Amino acid sequence: MLHQLSAQDAQFLYIQTPENLTHVMAVYVYDPSTAPTKKVRFKDIIDHVRSRLHISPVFKRKLYRLPFDIDHPYWVEDQHFDIEAHISHGRLPEPGDWRQFCIHVARHFSKPMDMNRPLWDMYVVEGLDRVKGYGKGSYAILTRVHHAAIDGASAAYFFTALSDMDTKGTPAMEVPASDWDYGDVPSSSDVMNRALSSNLSSPVKLANAVLKLTPTLWDAAQKNMSSDGAVGGLTVPETRFNGAVSPHKMFDAVSFDLNELKAMRTKVEGATINDVVLTICSGALRKYLMKHKELPKETLVGVAPVNARKRDGQENTPGNKITAMTVNLWTNIANPLERLEAVRNTTRETKAAKSGLSARIMTDLTQHIPGATMAGVAKILTSERFAPKMSNVFISNVPGPQMPMYMNGAKLTHQYGMAPLGNGMGLFIATPSYNGTMSFAVTTDRKIMPDIEFFRECIEAAFVQLRDAKPAAGRRKARTTPAKKAPQPKDASVMYRRVSKTPRRAPKNKVK
């Protein structure tokens, strides 16, 4: 059977450049003290992954890209698949502390993947004994998957299916044995017929999509005319994060107790965990830019992905099914509770589809653009000269399992995430949660943020500021227009609870 990439999957290939690599990476830290032999060998890790190859077609299929990108690529089976070509290992250099770990992680993330093989790899990093908060003998597994093959929700499923729920090796979730159809190599006639059909029908489909969206576009146009020409009703100020990026990425992270974050949302009626995350990121950005005397008078704007998968088992389907929303972060509000209230009002409005329009319309329309056209446009829009300024920061919040997970008997103690950057988008904050903790993992560029350790301190300070904030008597409400509460979207947390069947309440497990 022929398996062609969707337009949304293919766009992550078209926008990739030597400076802007479009893979994602999960960083998992394991403590082997729970393993039966108190030690996990590199061979054990390879054998475990080999035993779970049936959970996803991502493992054994590779790209079949067409000349000049005349149409979207195909997935085909790798006839020469060798698992040992995808899993390697190394060790931290001395002194083997947190700083060396961050440098090592960032360097691996900055390397291009082998695009001639299945688009995933794992890198086992040993020698983490001197990293504060990690158990003796701990090691990390850096798992990269190209964004063309997977998104946040399907990545969560992918990881859970690789994990165990106990030290005995009991799979964390039931995955039926699957004889995947990895895809056949298309014949020349198949390629030409499908490409011709796609290029001829695309204008018609595109016109139909535009007509369908016309009322929304008209409403947005009216809103923009009353918003001084701001994109989607939001004014995006110029910051250091909107510059060109280099091949050299940076990484740092900090973890917090999830119960403390949940307690913070009760300080403002109707606030969510996501609102708390956005408020902490906003506070950190405010502190960082004030230190550098670069804080704009206008609020910074963030982009957050929204899971668009249905609740019908789509979470185990690789590929991308996401849209996005743009939100004001209210970095111009000093009081953390006023800022949280403002963020709550903004996200309510955004979820009601009254803002964040440009990102969603682009998602809906690009699926009807021919491959060659999309590839050419993508190269222009991601170039240093023409990259659009649609936001200042990307913030992704993907809920994870709220119970201990294991691999080869070793307990997973920490997890972080890294994601692609781009010209005009030089800062990404990923906030995955796991087993009662949530990490704030920062991906940025060395030129844009050479002092990433200070930004991590800003995140810690913003967390403490919001945690310790007390509502003042008679405090006036935040300076935003209230919006009616909107129906909640089908987010990743709902999907995840159904798939992993984990408890809704997180156990106490504070990570310093």
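Two strands pair if DSSP finds at least two bridges between them, and strands are DSSP E runs of at least two residues, helices being H or I runs of at least four, both numbered from the N terminus. The legends below describe a predicted model, in which local features need pLDDT of at least 70 and side-chain atom pairs count only at pLDDT 80 or more, while totals for chains, interfaces and linings use all residues. Residues are numbered from 1 along each chain as its sequence is written, and side-chain values use heavy atoms, with hydrogens and water left out.

**Figure 1. Strand β2 and its two partners.** Strand β2 covers residues 23-31. It pairs with β13 (residues 410-418) in the antiparallel sense over seven bridges, and V29 has H414 of β13 as its bridge partner. The pairing of β2 with β7 (residues 139-146) is also antiparallel, over eight bridges; here V24 stands opposite V145. Nine of the nine residues of β2 are buried, where buried means under 20% relative accessible area, exposed over 50% and partly exposed in between (1.4 Å probe, protein chains only). H23, M25, V27, V29 and D31 point one way from the strand, and V24, A26, Y28 and Y30 the other way. In a regular strand the side chains alternate between the two faces of the sheet.

**Figure 2. The three-stranded open sheet.** The strand order is β1-β4-β3, with antiparallel pairing. β1 (3-4) and β3 (61-64) are the edge strands, each pairing on one side only. Four bridges join β3 to β4 (residues 74-77), and Y64 has Y74 as its bridge partner in β4.

**Figure 3. The largest nonpolar core.** A nonpolar core is a set of buried Ala, Val, Leu, Ile, Met, Phe, Trp, Tyr and Cys residues joined through side-chain atoms within 4.5 Å. The largest has 53 residues, of which F241, L261, I280, L427, F440, F455 and I459 touch the most other members. Helix α7 (residues 273-291) gives the most to this core, with 10 residues. Apart from it lies another core, of 46 residues, among them F12, A35, M122 and M407. For F241, contacts (heavy atoms within 4.5 Å) beyond four places in sequence include L285, Y288, L300, L427 and M449.

Figure 4. D451 sits in the loop between β16 (437-445) and α11 (452-468). Leaving aside neighbours within four places in sequence, D451 is in contact with Y288 and H292.

Figure 5. The peptide bond from E94 to P95 is cis, with omega near 5°; P95 is in the loop between β5 (87-91) and α3 (98-109). W330, in the loop between β10 (322-328) and α8 (336-351), has a positive phi near 55° without being glycine. W330 is buried, with a relative accessible area of 14%. N408 lies in the loop between β12 (406-407) and β13 and has a positive phi of about 55°, although it is not a glycine. At 21% relative accessibility, N408 counts as partly exposed.
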